[in-house]
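Subject: Handover of a structure and notes on its contents

Dear colleague,

Please find below the structure that I am passing to you. My notes on it come after the coordinates.

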There are 2 protein chains.
Amino acid sequence: MATITLESIGQVARVASQKMAHLSTTLKNQALSNIAQGLLDEEAAILSANAADCADAEAAGLSAAMVDRLMLNSQRLQAMAKDVRAVAALPDPVGEVIDMHTLPNGLIVGRRRVPLGVIGVIYESRPNVTVDISSLCLRSGNAVILRGGSEALRSNQALVKVIRRALGAAGAPEDSVQFVDNPQRELVSQMLEMREYIDLLVPRGGAQLIEFVARNATMPVVAGGVGVCHTFVDRAADVEKGVAVVNNAKVRRPTICNALDTLLVHVEIAPLFLPAIAREWGKAGVEMHCDRRALSLLEGVARREGADWKLKAARPEDFGFEFLALVAAVRVVDSLEEALEHIQRYGSGHSEAIITEDYSAAMRFLDEVDAAAVYVNASTQFTDGGQFGLGAEVGISTQKFHARGPMGLREMTSYKWIIMGNGHTRPL
Amino acid sequence: MATITLESIGQVARVASQKMAHLSTTLKNQALSNIAQGLLDEEAAILSANAADCADAEAAGLSAAMVDRLMLNSQRLQAMAKDVRAVAALPDPVGEVIDMHTLPNGLIVGRRRVPLGVIGVIYESRPNVTVDISSLCLRSGNAVILRGGSEALRSNQALVKVIRRALGAAGAPEDSVQFVDNPQRELVSQMLEMREYIDLLVPRGGAQLIEFVARNATMPVVAGGVGVCHTFVDRAADVEKGVAVVNNAKVRRPTICNALDTLLVHVEIAPLFLPAIAREWGKAGVEMHCDRRALSLLEGVARREGADWKLKAARPEDFGFEFLALVAAVRVVDSLEEALEHIQRYGSGHSEAIITEDYSAAMRFLDEVDAAAVYVNASTQFTDGGQFGLGAEVGISTQKFHARGPMGLREMTSYKWIIMGNGHTRPL
């Protein structure tokens with residue numbers, strides 16, 4: 001029964017995607033405007049569905065943080081509506097023609113940007129993802145099959161109802177937004193088999209979901225979301241800049257994927273830098289899991305200053321770990337080379353930074369670090385589609401294929417070669 | 001034992017890929033020049049290895065066409081050397097910086113093009129593929145793991161020896177070109193599991209290999225090679241141009257993936273066009289598998305003209321079939337819409353063409369056909385990296401993800417975001 005349903009969802013999405021590919025920007029923007037208005041007009045229905053989800057989540061013993069991620073209110077709905085309107089303001093990637101030129105034989109050849117087709121998205125509790133992804137898929141001319149978490153089922157159903165009605169009112173196919181409302185886990189495995197109906201699968205969630213999808217999907221996948229991020233404070237760092245950047249990278253929002261996990265400090269600057277950052281992190285309540293040298297240095301300073309920093313000896317598994325909390329691993333290294341080796345070994349290819357005033361060290365770091373985003377003297381928390389000028393993002397890819405780093409509208413497209421001739425034949 | 005070997009090949013390739021990413025264009029071009037020279041200098045050794053492969057192939061009863069694909073001679077080696085030198089003349093995609101700009105907060109953000117890392121290629125008999133792919137991977141800064149067909153084993157071993165020596169002499173890591181010389185079929189399955197060591201897998205071969213790889217690979221795949229190509233002769237076609245283009249699309253080289261498989265003809269022009277193309281195809285020996293209307297029309301003309309065309313009634317399976325031979329399916333359609341529907345249903349997303357003088361029909365065809373290459377009034381045989389100005393190609397992708405159509409050097413790369421700040425922190 002479930003198989004038939006999912007298959008029919010795929011078929012319907014495929015048909016809708018063929019219409020989506022040819023909608024004008026004006027019509028797509030009207031649909032986005034309708035969605036934004038619908039979120040405000042249907043506030044009562046959405047919040048009531050969401051309240052039921054939240055009550056169940058609390059009853060099931062979900063953490064306060066999880067319930068907060070799930071929870072909608074009037075303000076959050078207004079923010080969602082604003083984000084939808086922001087998507088309408090972005091340039092439409094569909095129809096852009098790239099590198100069009102005339103060959104010596106007179107053939108005109110170029111590439112025209114087209115939607116990918118049907119995007120499948122598997123995600124967890126936050127209901128705003130339902131609206132974000134739908135808006136981005138609509139704007140880039142794609143149909144979408146949404147598979148949200150069971151804890152947000154009623155919220156997502158209410159949101160999808162608003163979205164589909166808004167599409168229909170603008171003259172866009174309602175069926176371009178499909179929601180899988182069967183909470184059974186087997187449906188994920190079934191989605192992974194639907195190569196014929198899903199052109200791209202985006203898993204958003206923990207490392208386990210992403211690994212499962214990457215190994216079992218039969219269609220292309222853009223995976224991301226796991227960020228084990230390092231900042232290396234070079235011997236030639238400006239300590240004041242370094243403290244500000246490192247502190248921001250950890251403390252601004254510790255629960256996001258671009259937050260600092262491991263701090264690497266050059267041995268020559270460690271006596272100056274480590275106490276300076278420990279003073280800031282002490283105030284913010286950051287727990288520091290230190291290697292032997294960092295620990296002995298910081299314990300000495302803490303004793304002398306009578307400071308109450310949260311210092312612990314690092315265990316091996318602290319390196320390469322994504323804390324998503326006010327915790328950082330700390331290691332003293334002897335050289336830039338040692339920092340580069342550490343990052344290559346433990347990094348997840350998300351965001352990595354160096355703090356230095358040394359030109360050659362900065363250039364070498366930019367050159368050699370293999371990650372989606374590589375920084376000099378800036379906080380890794382900037383890795384974000386909005387910050388990078390993409391306007392919005394479907395996710396942050398930590399793979400190299402198709403899209404790397406924040407994925408915006410353009411990354412939801414492909415291209416086709418178009419060739420205009422006048423009876424051209426190819427010589428032998 | 002085989003597992004250990006393949007795993008160690010992967011490890012060695014991964015290490016080499018890290019060096020490859022930072023080689024200068026000058027050094028890579030020196031390596032290419034060495035390869036070209038090595039092919040000429042080592043002619044005796046290569047041709048003797050190849051003669052052994054060809055003898056075994058003949059003894060095993062391979063067709064003359066297959067043995068010809070396998071066979072090398074002095075001329076073919078010279079052509080291969082020339083192709084290698086041509087790759088050196090292409091612009092180097094690595095290091096290109098895309099869209100670099102300064103954000104309002106002063107952060108400088110851009111994307112720098114980088115190699116993908118390790119490319120795995122699974123291919124069949126033609127030994128020149130070994131040299132082509134190695135050259136393209138070298139030039140784009142990637143390491144490569146080659147898995148050629150068992151029938152070309154000794155030829156490939158001899159070629160890889162030349163390539164690796166040429167790399168070493170230029171100061172490039174020899175280990176960046178790895179050859180899997182174990183002919184066991186299980187090795188393909190093992191390669192598909194090597195997600196940690198292979199960043200992109202390119203299967204080159206029949207539909208069965210490609211389907212197997214797409215379903216079972218754990219890493220990204222660019223698949224292609226299967227081309228079910230249509231040309232639609234619209235009611236407003238110029239018959240003379242149409243006959244030249246359609247004839248070229250089928251006859252120039254019938255065994256390649258961009259050759260015409262099905263001819264669709266508008267009912268209003270069929271009485272004029274079908275006899276005209278049948279006269280050409282009659283001379284070339286093309287067998288026409290015709291639908292009812294085309295067959296009755298052509299049989300009538302053949303009778304009146306006393307022509308000896310190879311006419312057959314089409315079976316349903318002729319539509320959507322890749323003939324790779326002097327055979328074409330022929331169908332009369334009532335409208336452009338019917339042609340578009342036919343192509344959507346039966347096409348493989350490779351190359352599709354319309355012959356028309358009607359501007360709106362041409363625009364609609366370009367807009368609506370979903371394929372890697374869409375043509376107006378030109379032969380589908382132009383779908384080729386060299387023809388499109390890419391210089392050379394790793395293959396022709398019929399998927400939408402990452403690369404579509406001919407894949408050149410740029411399609412062997414990814415990018416990383418680079419961000420240069422001056423102590424930038426992100427506000428809350």
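This is a predicted model: local features need pLDDT of at least 70, side-chain atom pairs count only at pLDDT 80 or more; totals for chains, interfaces and linings use all residues.

Residues are numbered from 1 along each chain as its sequence is written, while chains are lettered from A and ligands numbered from 1 in the order in which they are written.

The single chain

Chain A contains 14 helices and 16 strands; helices (H or I, at least four residues) and strands (E, at least two) are DSSP runs, numbered from the N terminus. The radius of gyration of chain A, 24 Å, is close to the 22 Å that the globule rule gives for 428 residues, so chain A is as compact as a globular protein of that length. That radius is taken over C-alpha atoms, and the globule rule is 2.2 Å times the number of residues to the power 0.38. The C-alpha trace of chain A spans about 75 × 70 × 35 Å along its principal axes.

Of the 428 residues in chain A, 53% are buried. A residue is buried if 20 or more other C-beta atoms lie within 10 Å of its own, exposed if 12 or fewer, and partly exposed in between, with C-beta atoms placed from the backbone. Two residues are in contact if their C-beta atoms, placed from the backbone, lie within 7 Å. Among contacts in chain A between residues at least 6 apart in sequence, 72% join residues at least 24 apart.

The domain assignment, which is automatic or from a database, divides chain A into domain 1 (2–223 + 399–419) and domain 2 (229–382). The C-alpha centres of these two domains of chain A are 36 Å apart.

The two copies

Chain A can be laid on chain B with an RMSD of 0.0 Å by a turn of 180 degrees and a shift of 0.0 Å along the axis. The two copies are thus related as by a two-fold rotation axis. In chain A, the C-alpha nearest the axis belongs to A:His402, at 2.0 Å from it. The superposition is by least squares on the C-alpha atoms of residues with pLDDT of at least 70 in both copies.

At the interface, 51 residues of chain A are in contact with 51 residues of chain B. Helices H9 (207–216), H10 (239–251) and H14 (359–368) and strands E13 (373–378) and E16 (413–424) of chain A each give two or more residues to this side. E16(A) gives the most, with eleven residues. By class, the side of chain A that touches chain B has 26 nonpolar, 16 polar and nine charged residues. In this scheme Ala, Val, Leu, Ile, Met, Phe, Trp, Tyr, Cys and Pro count as nonpolar, Asp, Glu, Lys and Arg as charged, and the others, Gly among them, as polar.

E16(A) also runs parallel to strand E13 (residues 373–378) of chain B, joined by five bridges; two strands pair if DSSP finds at least two bridges between them. In this pairing, A:Met420 stands opposite B:Val376.

Local features of chain B

Five of the five residues of E3(B) are buried, so this strand is largely enclosed by the rest of the structure. B:Val118, B:Gly120 and B:Ile122 point one way from E3(B), and B:Ile119 and B:Val121 the other way. E3(B) pairs in the parallel sense with strand E4 (residues 143–147) of chain B over five bridges, and with E6(B) over four bridges. B:Val121 stands opposite B:Leu146 in E4(B), and B:Gly120 has B:Leu201 in E6(B) as its bridge partner. Strand E6 (residues 200–203) of chain B is covered on both faces, with B:Leu200 and B:Val202 buried on one side and B:Leu201 and B:Pro203 on the other.

With kind regards
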